[in-house]
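Hi everyone, thanks for coming. Let me put the model up on the screen, and then we'll walk through a pocket and a sheet.

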Amino acid sequence: MPYLYILKSYKNGRYYIGSTIDLDRRIEEHNQKKSKYTRASGPFALVYTEKFDTPKEARQRECQIKKMKSRVYIEKLIKTKDI
């Protein structure tokens, strides 16, 4: 199932937004430092998810959130929805 996900770094408190069809595998990759972008920021906690019917929809939502460039917006999303 395709997901949009938001991770929060335990190290620096920053958020990472991504999409995947295998959520457990992807989080494990981030925490095992297999992801180039997040390698220096881990470990991470999963703080938000959304499910989609297609990977394309998940990627579109990922881009929409990233375009906001707003920590405030991300934190409002997290507060309004449980994982």
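**The pocket and the sheet**

Let's start with the largest pocket: 16 residues line it, and Arg 14, Tyr 15, Tyr 16, Ile 17 and Tyr 37 are the ones nearest its centre. A pocket here is an open set of points on a 1 Å grid over the protein atoms alone, where a 1.4 Å probe fits, with protein on both sides within 12 Å along at least five of seven lines; lining residues have an atom within 4 Å of a point. This is a predicted model, with pLDDT of at least 70 needed for local features and 80 or more for side-chain atom pairs, while totals for chains, interfaces and linings use all residues. Residues are numbered from 1 along each chain as its sequence is written, and side-chain values use heavy atoms, leaving out hydrogens and water.

Which element gives the most to that lining? It's S2, with three residues. Strand S2 (15-20), helix H2 (55-68) and helix H3 (71-80) each supply at least two; these are DSSP runs, at least four residues of H or I for helices and at least two of E for strands, numbered from the N terminus.

Now the sheet. Three strands form an open sheet in the order S2-S1-S3, with antiparallel pairing, where pairing takes at least two DSSP bridges between two strands. S2 and strand S3 (44-51) are the edge strands, each pairing on one side only. Strand S1 (residues 3-9) joins S2 over six bridges, in the antiparallel sense. Tyr 3 stands opposite Thr 20 in S2.
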